[in-house]
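Grab your viewer and let's work through a few exercises on charged pairs and strand pairing. Each one comes with a worked solution.

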Amino acid sequence: MGRRIRKRIPIMENVTVLDAVAEGKTLAKVDDLVIFLNNAVPGDVVDIQVYKKKRNYVEGKAIKFHKYSDKRVEPFCEHFGVCGGCKWQFLSYEDQLGYKAKQVKDNLERLAKIELPDFEPILGAPKTTYYRNKLEYTFSNKRWFTDEEIAKEDDLDQDGLGFHVPGRFDKVLDINHCYLQADPSNQIRLAVRAYAKANNLSFFDIRDQHGLLRNLIIRTASTGELMVIVVFYQEEKDKRIGLLQHLADKFPQITSLLYVINGKANDTIGDQEVITFKGNDHMLEAMTDFQDPTKKIQFKVGPKSFYQTNSEQAENLYQITAKFANIQPNQTVYDLYTGTGTIANYIAKSAKKVVGVEYVPEAIEDAKHNSELNGIQNTSFFAGDMKDVLTADFVEENGKADVIITDPPRAGMHPAVIERMLEMNAERIVYVSCNPATQARDLQALDANYKVIKVQAVDMFPHTHHIENVVLLERK
C-alpha cells in the first residue's frame, strides 16, 4: 500500500484585511470565501496560510506582510504576540474603541432584529494600562521559550512564572513586566521568582503533577489595600514559611498575605481552604456613593470574591446603570445575577427595597456582609439557580419589581428567566452584558413587552476585544 500524500493547503497571496469582527479576529475575503485571522489589522495586505476549514468560512494566519496598515501602532509590551493577553496592542486605542462600538452595533442590529435607538458614544477607559485589580500567575517547570531564546542556544532556565501560552495548558510564558496591574505587582512576582530560584523551591509540573509552587494571585484595591495569595501543591512547612515571611518582610504594604495547599489536578481554589499567614483575610474596596458623592460605599473582597477587575471603570459602569434605572424612593428593584451585591448595594439608597439573586452561595454571603458594612437595611439576597429561584411565589413573597437590573454571565439568560421577567412586567429593565451576541438574543425575546430606549457600550478591558454593554428597556 502506497504512502498517503497529504494535500497541501494553498497559500492565498496579496489579500487585504477588511475589518475587525467578534472575538478579536479580523476578516478578509477571497472571491466569496470568508477568512478569519488572528494576527492581522484591517488594512494589512498579507499572504494567508489556511489551517482550518469550516462549511462557510476558513481560519488562517498571515505569514507574510506586503503592506502594513496605517492603523497599526507599535506594541508597548515585550511579551506581545506570545502572551495571550492584550491582543489589540498593535491598534491605536481610538481604533480599538471604534471596532468595539461597531461590534455592539452589529450584534444588536443583526441578531436582535428589533427597533433600536441611536447608540450613545462608547465610554473609553480612563487608564489603558495598569487597570486590572487582580492577576493570577502560574508556576511551571517547563516554560515556553521564545524564538530568540532558542536561537541563542544557551543553557536555558526551564522554570517560569507568568501566563499560559494560548492553546498550551502545560506551557507558561515567563513574564518580565506586565502592564495590566500597577506596582508593586511586578516587583512581587519577580521577588517570588528570585527567592524560589535562590532557595531551590520547585516549580509545578502540570503534566506529571509534582512540584511545590503552583500559583501566585495578586489583588489590589483603590483603597491602597493589597492581597497576595501563594498556592502550593503540597505542605512543605519550612519552605512555605520561608517564602511567605520573605514576602512579608520585603513588602510591608501587603495587608492580606494568604496561602493555599492545593493538591488537586486543577488550579481552581474555590473549593480549597485559604489560610491567613499575616494581616486580614480580606481587603476593602470602595466606590463613590451614587447618592452622596462626598461619601464612599465599601465592599469586602475575599480571596474567592468576584469583583469587577477594572475598579475605576466599574464605577463608571455602575453610574450609567443607576442613571438608566432612574430608581424612585418608592420602588422595588430586582438585581438578577447580583454576584457579591455590588450593584445592589450601590443603588440601594435610591430604592424602597432591593432583591438580589445569585447562583453562588459564598457570593451571597459577601453581598449580605457588604450591606451590613455600609449600614444598608433594605436589601435581601437569595442564592440558587436563577430559573429555579425566580418563581411566581418568590415574586409574590418579595414584592413586584418596578425596576429589574440584570447582569448575566456570557451565556446570557435562560429562557425561563426571560419568561418570568415578562410576567413580572416591571416598568424598566437595565441589561448589563459582557457578550453583545447573547444580549441581542435576549433583547429579541424581551421585545414582546419592552422597547430599547438607550444603548451604552463601556470599555472595561483596553487592548482586548472584550466589551461591556448597558441597555435600557422600557415597558411598551
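**Exercise 1.** Find how many salt bridges a search of the whole structure gives.

*Solution.* The search turns up 28 salt bridges, each being a side-chain nitrogen of Lys or Arg within 4 Å of a carboxyl oxygen of Asp or Glu. Keep in mind that this is a predicted model, where local features need pLDDT of at least 70, side-chain atom pairs count only at pLDDT 80 or more, and totals for chains, interfaces and linings use all residues. Residues are numbered from 1 along each chain as its sequence is written, and side-chain values use heavy atoms, with hydrogens and water left out.

**Exercise 2.** Work out which parts the salt bridge between R214 and D267 ties together.

*Solution.* Start with the contact: the closest N and O atoms of R214 and D267 are 2.8 Å apart. Buried means under 20%, exposed over 50%, partly exposed in between (1.4 Å probe, protein chains only).

**Exercise 3.** Identify the residue that stands opposite L161 of strand 7.

*Solution.* Strand 7 covers residues 160-164. Strand 6 (residues 134-140) runs antiparallel to strand 7, joined by 3 bridges; pairing takes at least two DSSP bridges. Opposite L161 you'll find F139.

Terms used: Helices (H or I, at least four residues) and strands (E, at least two) are DSSP runs, numbered from the N terminus.
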